[in-house]
Amino acid sequence: MIFSQKFVTLQSQLVEKMVTKRLTLLLFVCACFCGLRAQSFMVSESGYRLHCCVVNAQLRQAEVEAVELLSDTLVDVRFPEWVRFKGVRYALVSARGGAMRNNLRIRSLTTGVNMQYMGSRICYGCENLRWISLGTGLKELGRGAFALCYGLDSVSYNAVSCHVDQSNNDVWLGCYNLRRLHLGDSVRTISPSFMLSCSALDCEMKLPQSLRSIGENAFNDCSNLRGKLVLPPRLDSVGGMAFAGMNSIDTLVIQSRLLQIPSVEHRVFYHSINPVDVIIDSHVIALPSLLFSRFYGMRSLQLPNHLEVIPSQMCQYDTNLHQVRLPDSTRVLGSACFYQSGLQRIEVPPRTVMIGNYAFAYNYRLAEVVVGEGVRFIGDYGFVEDTALRSITVLASNPPRIFNHTFSEMDLSRITLHVPAGALSAYRRDPLWNRFTNIIEIP
């Protein structure tokens with residue numbers, strides 16, 4: 001009996017302690033919640049009020065939760081760099097997603113240098129938003145941020161390095177009036193799919209000298225960007241399809257010293273059909289493979305005098321490229337470098353040693369070829385099916401090495417082979433070169 005009473009007493013004490021702990025925990029949570037609630041505050045500006053909250057008291061950082069407009073007219077909203085709460089200054093580092101969603105009275109939006117993150121659909125459906133200026137500190141822009149902003153006309157983009165969430169390609173969805181884009185002088189990175197399908201852009205785009213990388217599809221289908229496009233000297237990498245479908249530029253200047261194309265899909269200027277003159281600056285050291293692959297609009301190509309390698313597949317399928325002067329410094333012509341291009345005549349410089357496989361294959365307009373005296377190797381299928389070819393001049397006294405299909409799929413009896421004086425017998429003895437029936441010594 002005594003044991004039972006002690007057990008009941010002990011049990012009641014344990015229950016009482018548990019209840020006390022839970023009440024204490026509940027009161028603590030409530031106090032924390034009330035404390036967090038107490039960190040919300042408002043900042044009044046001209047014509048609008050910012051609803052803010054403290055997101056990191058230790059670092060003194062705050063966030064915009066919502067924007068409340070106080071005027072019936074269109075308002076220019078600006079996120080300040082700093083806000084004050086209870087006498088303490090906080091950096092305004094973020095804006096919550098949907099903070100201004102479907103607001104029809106916002107005319108412009110400007111962010112300060114401290115703004116690092118803007119949430120998804122922050123200005124979704126703001127139909128009267130006319131222009132945007134994004135500060136240098138922006139690190140991330142959420143998906144659908146400016147979708148359905150039908151009135152948006154101009155964007156000033158100053159973010160040094162920012163990830164633009166284009167997972168659904170909807171950051172600028174429906175911005176069919178977006179005509180002007182200004183890139184700030186400090187921009188270093190252009191995010192993948194940055195301006196994908198912004199076909200209303202009809203300005204001349206000036207890439208800043210600070211630019212280091214451009215992501216894949218960054219300006220894909222921006223078909224009305226016009227004038228001159230210059231890839232600046234410090235630009236290290238350009239993603240695949242970055243400038244695909246740019247059908248209104250007339251001049252392309254490449255100043256990048258060592259340009260790289262890291263993407264698997266290499267066709268940077270794919271399906272750009274407007275006639276374009278391409279100039280490779282004298283500071284360029286090397287060019288990547290496939291740089292101009294399927295750049296249908298390229299009508300001329302100016303190469304620097306010191307370039308030693310024409311990379312593989314650089315100008316394949318460029319059917320409007322009718323003539324190009326290879327620099328005297330050229331040592332190697334990569335495989336398929338002018339595969340199925342529109343060349344009508346080509347002269348291989350005397351310092352060139354090797355012409356790769358398929359280098360000039362399927363050039364249906366190619367009528368005349370001059371091969372320099374230094375060439376020692378012409379790859380298989382190098383000139384296959386060049387059906388318009390009528391004259392080949394080889395200046396090497398010793399016949400370069402060729403293969404069974406180097407000049408296949410053509411009627412060699414209709415082609416005249418010109419060789420140096422005194423080399424006629426050497427070419428006629430060669431089991432492959434002697435397939436040409438018309439071999440003539442150069443006087």
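**Loops, strands and sheets**

Guide: In this predicted model, Arg121 lies in the loop that runs between β8 (117-118) and β9 (131-134).

Visitor: What is the phi of Arg121, which is not a glycine?

Guide: Arg121 is partly exposed, with a relative accessible area of 31%. Although Arg121 is not a glycine, its phi is positive, at about 55 degrees.

Visitor: Is Ser197 buried, partly exposed or exposed?

Guide: Ser197 is found in the loop between β14 (189-190) and β15 (213-214). Ser197 is not a glycine, yet it has a positive phi of about 65 degrees. Buried requires under 20% relative accessible area and exposed over 50%. Because the relative accessibility of Ser197 is 42%, this residue counts as partly exposed.

Visitor: Is Thr393 buried or exposed?

Guide: Thr393 is found in strand β27 (residues 391-394). Not counting residues up to four places away in sequence, Thr393 touches Val369, Val370, Val371, His418 and Ile442. The cut-off for buried is under 20% relative accessible area. With a relative accessible area of 13%, Thr393 is therefore buried.

Visitor: Which residues form the covered face of strand β19 (residues 276-280)?

Guide: In a regular strand the side chains alternate between the two faces of the sheet. In β19, the uncovered face holds Asp277 and Ile279. The covered face of β19 consists of Val276, Val278 and Ile280.

Visitor: Which residue in β19 is the bridge partner of Thr251?

Guide: Strand β18 (residues 248-254) and β19 run parallel and are joined by four bridges. The partner of Thr251 in β19 belongs to the uncovered face of that strand. That bridge partner is Asp277.

Visitor: Which residue in β20 is the bridge partner of Val278?

Guide: β19 also pairs with strand β20 (residues 298-302), in the parallel sense, over four bridges. Val278 belongs to the covered face of β19. In β20, the bridge partner of Val278 is Leu301.

Visitor: Which are the edge strands of the open sheet formed by four strands?

Guide: The four strands of this open sheet follow the order β21-β22-β24-β26, with parallel pairing. Each edge strand pairs on one side only, and these strands are β21 (309-310) and β26 (377-378).

Notes:
Residues numbered from 1 in each chain as written. Predicted model: local features only at pLDDT ≥ 70, side-chain atom pairs only at ≥ 80, totals over all residues. Heavy atoms only, no water. Helix = DSSP H or I, 4+ residues; strand = E, 2+ residues; numbered from the N terminus. Buried < 20%, exposed > 50% of the residue type's maximum accessible area, 1.4 Å probe, protein only. Contact = heavy atoms within 4.5 Å. Pairing = 2+ DSSP bridges.
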